[in-house]
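Subject: Structure for you to look at

Hello,

Here is the structure I said I would pass on. My notes on it follow below.

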Amino acid sequence: MKSASNKELPDPEFNHMGVPLPKLVFATNNQHKIDEAQAIVQGKLQLISLKEAGVEIEVDETETTFRGNAFLKAQAVWEITGLPCVADDSGLCVNALGGEPGVFSSRYAGEAGNHAKNNEKLLSELLGKADRSAYFTTVLCIVGMENTPIYIEGRVNGVILTQMQGKDGFGYDPLFCPEGENRSFAEMLASEKNAMSHRGRAFQSLMDYLR
Ligand code: IMP
């Protein structure tokens, strides 16, 4: 059996005691997300990317809920690999906008993944609104581990700033200031964001569940 001993870098397949880590395929093609999630679960859980699992698939997010979309992705990859899979669906929900952009966060301004346009639209929709409270949510769906899908949510509350702050991160990070902070997510180190973000909390809860 392979062991984690005598290695300078941590072996992603074993914990520090040489015990094999639980293994899940992470059903996403987004490398930024894979890097972020792998940093969060390091030493506790082995997340295999689609590329590493040899799977080429792009699943359309056709559902109207975070749970629905996360399930679609995890189920599709589980059907191909036969391995336990986790998928996530995340978004920003703004209270004064009735929860928008929500599941449409990526394509809020029309074109998927156009973060600059999305942020511009968000700022203009909130002009003159007193309530700027919002939250990020991540719903994880795990398929292939139990008889039914498992759902786990992570959330972080905060406010939408009146102008972009910071250059790091992605998406709405420059406009989102988490509760108890005076910096946006885009002004934080990745490790600081991961410790309090919706995705960080969801993966933390997933590790608690697996334990
Ligand atoms: P996904 O489901 O994780 O791909 O997220 C959908 C969209 O929500 C992204 O394209 C972003 O616009 C937004 N989003 C999700 N997570 C974050 C985050 O951590 N920071 C900023 N924007 C995010």
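I start with one residue. Met 188 has a relative accessibility of 3%, so Met 188 counts as buried. Please keep in mind that this is a predicted model.

Met 188 sits in the loop between strand E6 (176-178) and H4. Leaving out residues up to four places away in sequence, Met 188 touches Asp 168, Pro 178, Glu 181, Arg 183, Lys 193 and Met 196. Lys 167 is 21 residues away from Met 188 in sequence, and the two C-alpha atoms are 9.3 Å apart in space.

Asp 173 is another loop residue, placed between E5 and E6. Is Asp 173 buried or exposed? Its relative accessibility is 2%, so Asp 173 counts as buried. The side chain of Asp 173 reaches the backbone nitrogen of Phe 170 at 3.0 Å. With residues up to four places away in sequence not counted, Asp 173 touches Phe 136, Asp 168, Ser 184, Phe 185, Ala 186 and Lys 193. Asp 168 and Lys 193 are also among the residues that Met 188 touches.

Now the chain as a whole. It has five helices and six strands, and along the sequence they follow the pattern β-α-β-α-β-α-β-β-β-α-α. A compact globule with 211 residues would have a radius of gyration near 17 Å; the chain has 18 Å, which agrees. The C-alpha atoms fill a box of roughly 65 × 35 × 25 Å along the principal axes. Of the 211 residues, 45% count as buried. The chain exposes about 11200 Å², and carbon and sulfur atoms supply 50% of that area. Among contacts with a separation of 6 or more, 52% are between residues 24 or more positions apart.

Next, the nonpolar cores. The largest has 17 residues, and those with the most contacts inside it are Leu 47, Val 86, Phe 203 and Leu 206. At least two residues of this core come from each of strand E1 (23-26), helix H1 (31-41), strand E4 (133-143), strand E5 (150-160) and helix H5 (198-210). Apart from this core lies another, of 16 residues, including Val 94, Ile 160, Tyr 172 and Met 188. Which residues does Leu 206 touch, not counting residues up to four places away in sequence? They are Leu 24, Leu 45, Val 86, Leu 140, Ile 142 and Ile 152.

Last, helix H1. Its buried residues are Lys 33, Ile 34, Glu 36, Ala 37, Ile 40 and Val 41. Why are they on the same side of H1? Because they cover an arc of only 165° around the axis. The elements that cover these buried residues include E1, strand E2 (46-49), strand E3 (85-94), helix H4 (190-196) and H5. At the start of H1, a side-chain oxygen of Asn 30 comes to within 3.0 Å of the backbone nitrogen of His 32. Just after H1, Gly 43 has a positive phi of about 85°.

Regards

Methods. Residues numbered from 1 in each chain as written. Predicted model: local features only at pLDDT ≥ 70, side-chain atom pairs only at ≥ 80, totals over all residues. Heavy atoms only, no water. Core = buried A, V, L, I, M, F, W, Y, C linked by side-chain atoms within 4.5 Å. Buried < 20%, exposed > 50% of the residue type's maximum accessible area, 1.4 Å probe, protein only. Helix = DSSP H or I, 4+ residues; strand = E, 2+ residues; numbered from the N terminus. Contact = heavy atoms within 4.5 Å. Arc of directions from axis to C-beta. Polar contact = N/O pair within 3.5 Å; in protein donor to acceptor, adjacent residues only side chain to side chain. Rg over C-alpha atoms; globule rule 2.2 N^0.38 Å. Areas by Shrake-Rupley, 256 points an atom, 1.4 Å probe, with all protein chains shown as cover.
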